[in-house]
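Good morning, and thank you for the time.

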Amino acid sequence: MPLNDDQNSDSDSSRLSESTASSSDSEYSRQSFNSDSSSKPSSPASASPPKIITFDELMAAARNLTDLTLAHEIAVNANFCIKHEDFPQNSFAGTVKQIVHKAFWDHLESELNEDPPEYEHAIKLFEEIKEILLSFLTPGANRMHHQICEVLDSDLIRQQAEHNAVDIHGLANYIINTMGKLCAPVRDNDIKQLKATDNIVELLRQIFHVLDLMKVDMANYTIQSLRPYLQRNLVDYERTKFQEILEETPSALDLTTEWIKESIEDELSSISDESSSSPGADRSSKPIISPTLVLNNGYLKLLQWDYHKTIPETLITDEVRLQELREKLNQLKIIACVCLITNNMVGAAIVDVPDFADQLKRISIPLLEGMNKKTFDLKEALNAIGVQICGKVNRSLTERGLPTLNAEMQSNLVGQIAHIVEENNPISSLIGYTFTVFQKCMPTMPGGLSVIQTEMELVGSQYASIVNFNKQVYGPFYANILRKLLFPEAPMGKAETQTPAN
């Protein structure tokens, strides 16, 4: 943001002053998991007996969760910013706002048109504008601070009003020029439009509108300044904030515990199935379960999670990103099924067509957008995909002078694609198994599915990034939960030195 000379000299200290409010959260040393779990704030507290939560404690936990979520979003989402939004004009709230604002500005105009003019409401507006302009200044911008206070001194303006000597246009021009010095370059055109406005009431109204936009610009500037700091300190910051939440609300890990417990039960069930299929297996020994495997399988379940249920508390900050990955993965499964069915039914007719699988993908993707929404009709979308693929195949055959697909073949192709959504569909089950193998070890996709290899690798990379960061932040909490569930006989005063491996 362009600032005057006084402000430039203090721009660095300004940014630091915005961010150091949370710096104390990162100054504690990371506690060793071998120390007493209650001795340091960076280690998850041991289980507490149930207690009654007061309203103040609940609100404190909510504020901590809001801070944690906002900091996480700023750090991991490079596109995160604050947008200026208003009520839709045709909405009830928008209509009420428009009526109230019009009444206010009409009243101001009638006061200024009196003889002599009544300036009291205008003076209150100048006081508000003064406070907004001062809020844009960095600490140490003393010259401009003094100048703004001097020019927009409400006591002085009232004295001038008593003698009918207020230069209201001069004050407005000073405000506009000051805004021009403080605003971001994107607001330069707005400042020019202000300078071209003659009606003083309309001018004041537009000044407030542009000041609102400048507030958003300043907030986004602060976000950009904070992002590098948050990225360097986010693991410690999030762990500390979550510990504070846990101290305020001891039940804040209940859903996470249930999620891990379900993963353990799935693993026990898998071991039991393997034992029953192996005649010589020793069924008397207690099964050994890897905590790392339990946690990794729990993370994999998030890619098929029913997001109508509440997600584990430790994953709330990434819920939207996980939902997007699940939608993308489900979309890729459908595309893989479509490609496999098409190749099986009309492969001989399209074998010589270059990049035909990519063409199938380009047909499918737009029709599958938003497929996880309640209002989305997947069967109708699949039917539309089948019809378009039939048309595409027939056009390709016609261009090469070959006979087109007959009505029966087209009907069969459209029908098989539409039946992908049916439960226990063999093609869908096969693709689902292939995707499960890919998620666990990320091998190269089979030849017929190589068309989605790039997209699968991107999904895998984004998923791994979320999981690895989550382990860094919440590993100590997971370690305590896994110890209680897998090794209940172990002493509870100590914690593991290492987080579960990736």
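This is a predicted model: local features need pLDDT of at least 70, side-chain atom pairs count only at pLDDT 80 or more; totals for chains, interfaces and linings use all residues.

Let me begin with the cores. The largest nonpolar core comprises 75 residues, and the members that touch the most others are Trp259, Tyr299, Leu302 and Ile389. Helix α18, residues 453-486, supplies the largest share of this core, with 13 residues. To return to Leu302: beyond its neighbours within four places in sequence, Leu302 is in contact with Trp259, Tyr307, Ile311, Leu315 and Leu322.

I turn now to the cysteines. How many disulfides does a search of the whole structure find? The search returns 0. Consider Cys337, which is buried at a relative accessible area of 2%. Its closest cysteine sulfur belongs to Cys339 and is 9.4 Å away; a disulfide requires the two sulfur atoms to be within 2.5 Å, so this pair is too far apart for a bond. Cys183 likewise counts as buried, with a relative accessibility of 1%.

Finally, the largest pocket, which holds about 870 Å³ of space. Its lining consists of 28 residues, and those nearest the centre are Asp86, Lys97, His101, Trp105 and Arg205. Two or more lining residues come from each of α4 (92-112), α5 (120-135) and α10 (200-248), and α4 gives the largest share, 10 residues. By class, the lining has 11 charged, 9 nonpolar and 8 polar residues.

Notes: Residues are numbered from 1 along each chain as its sequence is written. Side-chain values use heavy atoms; hydrogens and water are left out. A nonpolar core is a set of buried Ala, Val, Leu, Ile, Met, Phe, Trp, Tyr and Cys residues joined through side-chain atoms within 4.5 Å. Buried means under 20% relative accessible area, exposed over 50%, partly exposed in between (1.4 Å probe, protein chains only). Helices (H or I, at least four residues) and strands (E, at least two) are DSSP runs, numbered from the N terminus. Contact means heavy atoms within 4.5 Å. On a 1 Å grid over the protein atoms alone, a cavity is a set of points where a 1.4 Å probe fits but cannot get out, and a pocket is an open set with protein on both sides within 12 Å along at least five of seven lines; lining residues have an atom within 4 Å of a point. Grid points are joined across faces, edges and corners, and a volume is the space filled by probe spheres set on the points. Ala, Val, Leu, Ile, Met, Phe, Trp, Tyr, Cys and Pro count as nonpolar, Asp, Glu, Lys and Arg as charged, and the others, Gly among them, as polar.
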